[in-house]
Amino acid sequence: MVTNDYQYDVLYLGSGHGAFNGALALGAKGDFKIGMVEADKVGGTCPNRGCNAKIALDMPVKLKHEAENMQGKGIQGIPKIDWAANVAHEKEVIKVLPGAIEESLVANGVEMIHGYGKLVDPHTIRVAGTDYTATNIVIATGAHYHQLDIPGAEFLHDGTDFLSLSVQPKELTIVGGGYIAVEFASIAATAGTKVNLLLHHDTALRQFYQPFVADLLQQLVDQGVNIVKNVTPEAVKKTANGYDLQTNQGTFSSDWILNATGRDPNTSNLGLDEVGIAYDQKGIKVNDHLQTSVPSIYASGDVLDKKVGRLTPTAIYESTYLTKLFAHETSAAIKYPAVPSAVFTMPRIAQVGVTVDEAKQHPETYKVVESDLAGDWFRVSMRANRGKAITIFDQEGYLVGMTEISSEADNAIGSILPFIEYHIDPEQMNDFITLFPTISSETKNHL
């Protein structure tokens with residue numbers, strides 16, 4: 001559909017979820033010429049070294065906890081996690097993803113351009129000395145692991161390294177208190193590694209309801225995790241047996257150190273300054289149409305400065321929104337739906353919609369209902385009945401938010417999303433017949 005002197009209608013810089021989901025949909029329409037520039041594996045972080053790989057490693061962790069819960073109730077013997085085999089299986093199930101994604105893109109008319117791309121002007125990306133032009137450009141370069149600026153930082157490892165760690169550490173030190181730090185602490189501790197979890201503040205997972213986080217941290221402590229708060233790393237030194245991490249709270253010795261202090265948007269060396277795109281350390285600035293300060297250039301995914309979470313589902317939503325915008329199927333500003341989030345530890349914590357803290361700050365607007373899940377029959381049958389849920393309603397009785405801590409929190413939150421997003425009338429919720437007995441049916445009973 002190119003109607004000007006440019007080679008493409010849309011040219012994507014990056015191939016992660018902030019790009020390929022939208023590109024697939026746009027290409028499937030058959031009316032647009034699309035290009036995509038990628039310097040690394042097609043699919044970006046999530047399929048290759050993020051969500052998919054992490055959940056593959058977590059599967060045996062969840063199974064081991066379930067077996068422990070069922071001891072004497074039909075199961076005898078607790079399985080042992082084979083670390084090397086688990087990592088090998090993770091690699092096996094994700095290795096097909098970049099090729100499969102690229103095949104789908106090409107099949108839908110997207111031209112792949114392999115190499116490092118840099119903006120030259122509002123309509124041009126240069127790759128290995130060749131210029132590629134487009135009516136519109138989408139920057140979807142994602143984010144990278146934050147680097148600590150301390151002596152000996154070269155001895156630190158990041159999440160990508162952890163997902164490829166074929167030899168199980170005897171003792172692991174993790175610096176950080178976000179998703180990656182706590183999830184990987186849970187995986188390693190369940191596998192039998194001695195874990196030091198060093199929090200920069202006095203808590204972790206600050207975006208989640210803190211009493212639930214405190215419960216999760218205590219359960220990690222019960223598994224043997226050494227959690228130390230208010231830690232500032234100062235230096236790393238190599239020793240005969242491993243590494244010493246020197247901090248304001250003392251020295252922590254281990255044979256492997258994971259730096260999980262966050263992720264920073266990939267904005268360097270893209271030509272943003274030369275082209276005049278506004279950005280800062282939080283990411284690229286966009287308006288409510290995901291348009292940068294250069295009208296022909298848009299951005300999506302983790303490279304954005306945005307209030308909603310840097311999550312795979314929000315990147316997908318942004319990329320598909322841009323497809324509708326480019327296809328002239330909408331001119332409206334982007335409006336995010338209720339965005340669920342979860343930390344995949346054992347137990348899990350998941351939430352969506354109005355938070356508990358916000359609801360308790362506005363009792364005139366919201367009603368907060370707390371539920372102990374210990375009596376839920378289906379959970380009792382699973383021996384997974386330790387948990388709590390908090391549901392939030394507006395004054396008219398509409399469900400507007402929920403948070404839960406339990407082994408099935410992610411599934412529970414997923415089951416109630418339509419009630420929140422489509423503002424289902426409290427009476428109409430009764431018209432939804434859930435499968436029984438399931439976590440969905442137990443969750444609905446608490447509404």
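## Glu183 in helix α7

Glu183 is found in helix α7; helices (H or I, at least four residues) and strands (E, at least two) are DSSP runs, numbered from the N terminus. This is a predicted model, in which local features need pLDDT of at least 70 and side-chain atom pairs count only at pLDDT 80 or more, while totals for chains, interfaces and linings use all residues. Residues are numbered from 1 along each chain as its sequence is written, and side-chain values use heavy atoms, with hydrogens and water left out.

Is Glu183 buried or exposed? At 2% relative accessibility, Glu183 counts as buried. Buried means under 20% relative accessible area, exposed means over 50%, and partly exposed lies in between (1.4 Å probe, protein chains only). Glu183 touches Lys54, Ala342, Val343, Phe344 and Thr345, not counting residues up to four places away in sequence; contact means heavy atoms within 4.5 Å. Glu183 and Thr345 are 162 residues apart along the chain, yet their C-alpha atoms are separated by 5.1 Å.

## Helix α3 against helix α7

Helix α3 (residues 51-69) and helix α7 (residues 179-191) have axes that come within 10 Å and cross at roughly 50 degrees. Axes are lines fitted to C-alpha atoms, for helices over the stretch in contact, and angles run from 0 to 180 degrees between N-to-C directions. α3 and α7 are therefore oblique to each other. Angles under 35 degrees count as roughly parallel, over 145 as roughly antiparallel, 65 to 115 as roughly perpendicular, and the rest as oblique. The crossing of α3 past α7 is left-handed; a crossing is left-handed if the near helix is turned anticlockwise from the far one by less than a right angle, and right-handed if clockwise.

Which residues in α3 and α7 meet? From α3 come Lys54, Leu57, Asp58, Val61, Lys64 and His65, and from α7 come Glu183, Phe184, Ser186, Ile187 and Thr190. By class, the contact of α3 with α7 has four nonpolar, three polar and four charged residues. Here Ala, Val, Leu, Ile, Met, Phe, Trp, Tyr, Cys and Pro count as nonpolar, Asp, Glu, Lys and Arg as charged, and the others, Gly among them, as polar.

## Helix α3 against helix α4

The axes of α3 and helix α4 (residues 83-94) come within 9 Å and cross at roughly 140 degrees. That angle makes α3 oblique to α4. α3 passes α4 in a right-handed crossing.

In this contact, Asn52, Ala53, Ala56, Leu57 and Pro60 in α3 meet Asn86, Val87, Glu90, Val93 and Ile94 in α4. The residues of the contact of α3 with α4 divide into seven nonpolar, two polar and one charged.

## Nonpolar cores

In soluble globular proteins, nonpolar side chains tend to be buried together. The largest nonpolar core in this model has 48 residues. A nonpolar core is a set of buried Ala, Val, Leu, Ile, Met, Phe, Trp, Tyr and Cys residues joined through side-chain atoms within 4.5 Å. The residues with the most contacts inside the largest core are Phe162, Ile174, Leu197, Leu205, Leu258 and Ile349. α7 gives the most to this core, with eight residues.

Leu258 touches His157, Asp158, Gly159, Phe162, Leu172, Thr173, Ile174, Val175 and Phe184, not counting residues up to four places away in sequence. A second, separate core of 46 residues includes Leu26, Met112, Ile139 and Leu322.

## Backbone exceptions

Most residues other than glycine have a negative phi, and most peptide bonds are trans. The peptide bond from Met346 to Pro347 is cis, with omega near 5 degrees; Pro347 is in the loop between β19 (341-343) and β20 (348-353). Phe436 and Pro437 are also joined by a cis peptide bond, with omega about -5 degrees, and Pro437 lies in the loop between α14 (417-421) and α15 (439-445).

His328 is not a glycine but has a positive phi of about 60 degrees. His328 sits in the loop between α10 (312-326) and β19 and is exposed, with a relative accessible area of 67%. His423, likewise not a glycine, has a positive phi of about 50 degrees. His423 is in the loop between α14 and α15 and is partly exposed, with a relative accessible area of 40%.
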